[in-house]
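Thank you all for coming; I would like to walk you through one structure this morning. Please have the sequence and the model open while I talk.

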Amino acid sequence: MKSHARVVVIGGGVVGVSTLYHLALKGWSDVVLLERSELTAGSTWHAAGLLPLFNMSYTVGQLHKYSVDLYKRLPAETGQDVSFHVTGNLRLATNRDRMDEYQKYCGTANTIGVPFQVIGPGQVRELWPLAEIGGGADTPAIIGALYHPDDGHIAPADLTMALRKGARSRGAEIHEQTEVTAVKRTPSGEWHLTTTKGDIVAEHVVCATGNYARQTGRLFGINVPSIPVEHQYIVYDESPELKAYRQQGGRELAVLRESDQSYYLREERMGWILGPYEAGAPARFADGVPDWFGKSLFEGDLERLLPHVEAAQRRVPSLANCGIKDIVNGPIAYTPDGSPLVGPAWGARNLWLNEGHSFGITAAGGSGWQLAEWIVEGEPGIDMMAVDPRRYGPYTSKRYVVQKNEETYRNVFVIHYPDEERADARPAKTSPIYDKLQRLGAVFGQRYGWERANWFAPPGVPAVDKWSFRRSNYFEHVGNEARHLRQHVGVIDLTPFTKHEVTGPGAEAWLDSLVANKVPSKIGRIALCHALTRRGGIRSEFTITKIADEHYYVVSAGAAERYDSDYLQQHLPSSGVSLRNITMSRGCFVVAGPRARDVLAKLTDLPLDNAAFPWLTGQVAEVGLAVDVYLLRVNFVGALGWELHFPIEYAHHLFDAIFEAGGEYGIAMAGMRAMESLRLEKSYRMWGTDLSPDYTPYEAGLDRFVRLNKGPFIGKEALERQLKNGVPHRFITFEVHGVTDADPLGNEPLFDTKGNLVGRATAGYYGATLGKSLGLGYVKPDFAAVGSELQIQILGETKRITVLVDSPYDPQNKDLRA
Ligand SMILES: Cc1cc2nc3c(=O)[nH]c(=O)nc-3n(C[C@H](O)[C@H](O)[C@H](O)COP(=O)(O)OP(=O)(O)OC[C@H]3O[C@@H](n4cnc5c(N)ncnc54)[C@H](O)[C@@H]3O)c2cc1C
């Protein structure tokens, strides 16, 4: 083994080998993979080899698509067959919500170019003659299905070997029986790895260790939120009926997924493989994989699978005539949200994760492709936030991960409602006033571990969500919250905001080098600033306030705490600037609406009139009994209002004082869904959905927050190039006509009037105070003019849309300046 490599990949499963292959493909040949046992010895060898293109995530969908395309090319490139059976994939639906889910997915598939068909029961019968269409008491009728003609199943070990060949032919080295046992940093900042076969120093390390992710993480001092869960499939003997069908010339049947019964079924040597996702599957190896496990399996637990076996037999009666040959029960890596961890680790330079894969055979190609791009080019080619390891924070305790992973596993096949909020491991992280909000009828959701009130059930209304792809039980109440805030005054608890304090003589210059806008130089000024990628895409959004000389307060999205904190930390100069993450020590309430000034005037002696306290300024104030409150005249709902960022110990006092002062104006809480409705009416872009690395500030219509004439900042050259070459997309706000019960929600395709795809929606909701169904999105520039008529597809129905002015509510910002 050589003593130095540019990159060392730890782990020789399909994911590690794919990463190695893609690094070599990008021209980095000085790359080495270390495997403690033999290639595929982890979960890869026993995987069922299914390659489902279906995924509700825009990012993961693109990774899976890349994989499927790559796996078709690999045999010709490497000379190694991978047994890719392109059988197609049929997902059955037996109720309307399931069809809605498929239709919602089709929007995403359309925008990323994945071929699919939505078919009826008659076509299901043609494609799958051995299945019952149903309609009996215990076999629900199939009302439709989603069909992917392009995917199927593959031999995972052969795939790994093909990737291995492709990597080695480009100079990559692979060492088996070589376990990484210790890690340290060299004085020059490289990684020194101790292995069972000697030492090696590397510039970059990629961890792709599957079920070992947590113990590998510990070597590097990080807590990786991936813990495997038991997963089983049953291998059946030959089926006489299947054999007869095939002997009569029938083609290999598509992989069948009966989502409503939580199982898949595919052909295997004239018999079947049946894979349920059952309740009660336990998490394993939370404290690490024991030495005795090696290349082994757990004992099968048929009892747990029986309800799914029976359901499958009802759908495919001939299954009952087959004997069970084997039960494969292996560990399958999971994360709390079911998506993998692909990208940089936090707190350490040049440490990369490609861990937590539960569909790793399917995702290996795509994740290796983007991770190699990230390592070699410095950033990925597509928006990877949905799989970025830094989407999790320090809250992922062992018990949290165990509970969430078990929940995610048994919910693989549930209907993925857009407003779904799962119950396990909650409440964990709460704002101090959580109990008060609960007493006010809050219906909570969870984001980044935080409990957030989505809406408030009025007295007598059950405080529960009825999840749906359409307007649901909370529609009216969310609308009332939004209208109340616009007409009177409302409070929103935004305590989860990410908050940093940047101080020191170099603070202003440093922040200026990170963002496209000019950081305020006058005390009390507030600026909306975007950190860009080198390609000019939007990486982060910061609201920056100059609190005092050499003192900035930097606020960003609650879910971006580790993502932003790590970025700031990594760019911190060695002297002159000090950075503190103060997220947990400050709370935030928004007081907004025409009466906001009247409410706050009772609590502070500061004059709040426009001359003394104009829009987009902030002051440090005493409010009620609280000291050191940052009063910022900004908000995300487009109303007269202030954000109060206060020392956390004043949360209860301030909440009570605000409600007491606001009593005479009918002050009321508003939740996250009302905020969504209000911000859409103002065309306010949301980081993480409307703003992403896929689009520059020019595409996002944020030109006024870019100062090309200020000095260098990350992404500046890319913006200059884009201005010269033309801006490929434009941001639009649009109204959807003829909506009865399904508003856009994001990821719907946008078409011109002739049906050509011209863009995509990134968000949508009902604008309660305008009484319009609204959406935000990106289109080709020719279609962005106000008044343009376009079309959108929502849950399979085509609707007419009209492009509106940016900020259809109060375009002159009169409310904000009132
Ligand atoms: C029963 C079952 C069926 C499945 N079916 C499918 C399917 O149909 N489709 C699909 O997409 N996915 C499926 N999966 C999931 C799939 O198997 C995994 O997602 C995939 O194999 C993960 O690959 P990996 O490379 O990340 O991990 P692994 O294959 O587990 O590889 C990790 C490797 O790292 C090595 N390693 C760990 N620590 C060290 C160290 N310190 N030094 C050196 N080497 C180390 C291990 O020995 C191991 O070989 C299934 C899983 C199970 C359990």
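This is a predicted model: local features need pLDDT of at least 70, side-chain atom pairs count only at pLDDT 80 or more; totals for chains, interfaces and linings use all residues.

**Cysteines, a strand and a ligand**

Let me begin with Cys 529, which has a relative accessibility of 0% and so counts as buried, where buried means under 20% relative accessible area, computed with a 1.4 Å probe and the protein chains only. Residues are numbered from 1 along each chain as its sequence is written, and side-chain values use heavy atoms, with hydrogens and water left out.

How many disulfides does a search of the whole structure find? The search finds 0, a disulfide being a pair of cysteine sulfur atoms within 2.5 Å. Cys 529 is in no disulfide, and the nearest cysteine sulfur, which belongs to Cys 588, is 18 Å away. Cys 588 is likewise buried, at a relative accessible area of 0%.

Of its 7 residues, 7 are buried, so strand S28 is largely enclosed by the rest of the structure. Strand S25, residues 586-592, runs antiparallel to S28 and is joined to it by 7 bridges, and two strands are said to pair if DSSP finds at least two bridges between them. Within that pairing, Arg 586 has Pro 647 in S28 as its bridge partner. Strand S27, residues 626-632, also pairs with S28 in the antiparallel sense, over 3 bridges, and here Leu 631 stands opposite Leu 644 of S28.

Finally, the ligand. There are 37 residues around the ligand, and those that come nearest are Glu 35, Thr 44, His 357, Gly 360 and Thr 362, where a residue is near if one of its heavy atoms lies within 4 Å. By class, this shell holds 16 nonpolar, 18 polar and 3 charged residues, with Asp, Glu, Lys and Arg counted as charged, Ala, Val, Leu, Ile, Met, Phe, Trp, Tyr, Cys and Pro as nonpolar, and the others, Gly among them, as polar. An oxygen atom of the ligand lies 2.5 Å from a side-chain N or O atom of Thr 44, and a backbone N or O atom of Gly 360 is 2.8 Å from a ligand oxygen atom. Taken alone, the ligand exposes 1,000 Å², of which the protein buries 97%, these areas coming from the Shrake-Rupley method with a 1.4 Å probe.

Terms used: A polar contact is a pair of N or O atoms within 3.5 Å; within protein, one must be able to donate a hydrogen and the other to accept it, and residues adjacent in sequence count only if both atoms are side-chain atoms. Buried means under 20% relative accessible area, exposed over 50%, partly exposed in between (1.4 Å probe, protein chains only). Helices (H or I, at least four residues) and strands (E, at least two) are DSSP runs, numbered from the N terminus.
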